[in-house]
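Reader: I have just opened this structure and would like to learn how to read it. Could you take me through some of its features, step by step?

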Amino acid sequence: MPGGYLGKILVVDLTQGQWEVEPLREEHASRFLGGGGLACRYLYDLISPSTDPLGPDNILFFTTGPLVGTRAPSCGRYTACFLSPLTGIWGESNAGGFFGPEMRFAGYDGILIRGRSPEPVYLWINDGKVEVRPASHLWGLDTYRVQEAIKEEIGEPRAKIACIGPAGEKLVKMAAIINDNARAAARGGPGAVMGSKNLKAIAVKGSGTIPLHNEAAFNEVAREARDWVREDFTAQLFHSGGTAFWMDLGHEFGDVPIKYFTKGYFEGTGKLSGATMAETILVKTSACYGCPIACGRVIEVKEGQYKLPVTEGPEYETLCSLGTLLMVDNLAAVSYANHLCNSLGLDTISVGVTIAFAYYLFDRGVVSEREVGFALKWGDPEGAIRLIELISRKEGFGAILAEGVRSVGERFGLPEEAAHVKGLEVPMHEPRAFFGSALAYATSPRGACHMQGDPYAVDSGSAIPEIGIIPGDRFSAEDKAWMVARIQDWRALYNSMIMCQFCSPGPERIAKLLREATGWDIGIEELVKIGRDIFDLKRAFNVKMGVKRQDDHLPSLLLRPLPDGGAQGAVPDMEKLLADYYAVRDWTEEGTLKPERMRELGLA
Ligand code: SF4
């Protein structure tokens, strides 16, 4: 086994209550590295179109990558991969914190879960030893309390725990997996998949280390990369303002979605900015394993209706999805709603978008106070807070929203007003503000997604010139396809190493890190090629699940000109963007991989 890998996958069959250790398939690791890439290669063989995402045949695969748990900067993440119950296609969610590195210190590159336990259970993995423990007494606990309860039960306060809350138990399709207090692997409903398996949590603890091809050389490059990242201007913005630093800047570009994607300007954004958070409720910053950036915010709301103990504060995405999207500018209320989602185990993006759609439908008279149970008024956070609780319990109007925005749109006969692509709710970057984002949303392997390609970052100034990624005209469809494909390939690589996307030590240092970790002869072009292979692999998975060209579709809601703000009047030409993109990708006109490419990827 090359350096960077432990060479072991823990395979747990919950139906049988048994587990075994399988050798990591080196041929898959050498081609697709780890994280989403490696998991997709496994799941391509294990999942078919007839697999029920919430049935025992679905697989939930927790993976890491060759850099996770090493001294490389910001490599403390893990990925949960699965067939998504929300979208029916490729599901991939990753989270920071410490769970991923600890899984490796406990002896495993990945944990593959199959089957369904007859009773609620949790896994306790301690330095290679595995126990499947009863969890009926933990069923119903929120994510904070279950983490504490398990630590006490196993007598290991330093164990790292990934768990679900009540929403995952209820199979809410927007349910998240929460680890290390409030880090969330949220998108696509991994919490529902975990709940469908009657798996409440996984606790890990280990004392191992990661074997490296050339440890001394690796540590020297890692030190150099950490120093570089500390000096990086964007990293400093993330440190000083958290991800919420983008609120002010993004608003200037018209990138902040407002009033359910119908406006481009909102006076209240200043009250939700990173600077306002720092001046009002911020207690301190926090960092994931080995991260010199520390974008996390720890907050406390000391008084008032939305009083909160010291806890994790909202990120940019949540400040929009539970704030600007509802015209709410009350930072304490958004923080409260964020805390509620974390404790119930919900994806704040999908939940926020779906609730905003409910506000929109209410405003247009499509749903009434009688149906919802109370009034939904733009700017009022109370309706959202009540809906979050109802969604988590699948009660009343919450049961309708719990299926996600696509389902709500279909139910009320307004599918083109539902903000999603392939069933995944649109994240908090306006596709009309950066046309590259529109194309990336349409073609991302998990549906509308800002983490499998972030052209808004490129066209607002973040260049990676070594691989040809340079900012262009954000409102132009010309030359956009190549740049979008390139940044998607680059992020596919990031999501497989795994390195946090806020960390940019540059392609040469990344190639050196992988070279010294694994011993493989990897240069910059090889990095891009690996990324492209991973991206195409995920497309092949989705094609196998039935995805076609017509699914690469943005709803009409997102293709109407905005009346105000930094993207006023702009609308991307999706036909041209997609035609160019398929040509760049060398896909067929139907959006499928050509037979020779399938053979090249070993998928024939
Ligand atoms: S930048 Fe933020 S999310 Fe990324 S690893 Fe660091 S603390 Fe975690």
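Author: Gladly! Let us start with a term: a residue is called buried when its relative accessible area is under 20%, and exposed when that value is over 50%. Please keep in mind that this is a predicted model.

Reader: Thanks. Is Asp 536 buried or exposed, then?

Author: Asp 536 is buried, because its relative accessibility is 0%. You will find Asp 536 in helix 22, which covers residues 524-544.

Reader: Which residues does Asp 536 touch, apart from those up to four places away in sequence?

Author: With those set aside, Asp 536 touches Arg 585, Trp 587, Leu 593, Arg 597 and Leu 601.

Reader: How do I describe the way one helix packs on another?

Author: The general idea is that two packed helices are described by the angle between their axes and the distance between the axes. Take helix 20 (residues 480-497) and helix 22: their axes are 7 Å apart, at an angle of about 90 degrees. The two helices, helix 20 and helix 22, are therefore roughly perpendicular to each other. On the helix 20 side, the residues making the contact include Trp 490 and Leu 493, while Ile 534 and Phe 535 are among those from helix 22. Sorted by class, this contact of helix 20 with helix 22 has 8 nonpolar, 3 polar and 4 charged residues.

Reader: What about helix 22 and helix 23?

Author: Helix 23 spans residues 574-585, and its axis comes within 12 Å of that of helix 22, crossing at roughly 115 degrees. Here Asp 536 returns: together with Arg 532, Phe 535 and Arg 539 it forms the helix 22 side of the contact, and Tyr 581, Tyr 582, Val 584 and Arg 585 form the helix 23 side. That contact of helix 22 with helix 23 has 4 nonpolar, no polar and 4 charged residues.

Reader: Which residue has a positive phi of about 65 degrees although it is not a glycine?

Author: That is Met 327, in the loop between helix 11 (316-321) and helix 12 (331-344). Met 327 counts as buried because its relative accessibility is 18%. Asp 479 also has a positive phi, near 55 degrees, and it lies in the loop between helix 19 (455-459) and helix 20. Asp 479 is exposed, with a relative accessible area of 68%.

Reader: Where is Pro 427?

Author: Pro 427 is in the loop between strand 17 (424-425) and helix 18 (435-443). At 0% relative accessibility, Pro 427 counts as buried. Sequence and space can be compared here: Pro 427 and Thr 318 are 109 residues apart in sequence, and their C-alpha atoms are 9.5 Å apart.

Reader: Finally, which residues surround the ligand?

Author: The ligand is surrounded by Arg 77, Arg 183, Ala 287, Cys 288, Cys 291, Ile 293, Ala 294, Cys 295, Cys 500 and Phe 502. This shell divides into 8 nonpolar, no polar and 2 charged residues.

Conventions:
Residues numbered from 1 in each chain as written. Predicted model: local features only at pLDDT ≥ 70, side-chain atom pairs only at ≥ 80, totals over all residues. Heavy atoms only, no water. Near = heavy atom within 4 Å. Nonpolar A, V, L, I, M, F, W, Y, C, P; charged D, E, K, R; others polar. Helix = DSSP H or I, 4+ residues; strand = E, 2+ residues; numbered from the N terminus. Buried < 20%, exposed > 50% of the residue type's maximum accessible area, 1.4 Å probe, protein only. Contact = heavy atoms within 4.5 Å. Axes fitted to C-alpha atoms, helices over the stretch in contact; angles between N-to-C directions. Parallel < 35°, antiparallel > 145°, perpendicular 65-115°, else oblique.
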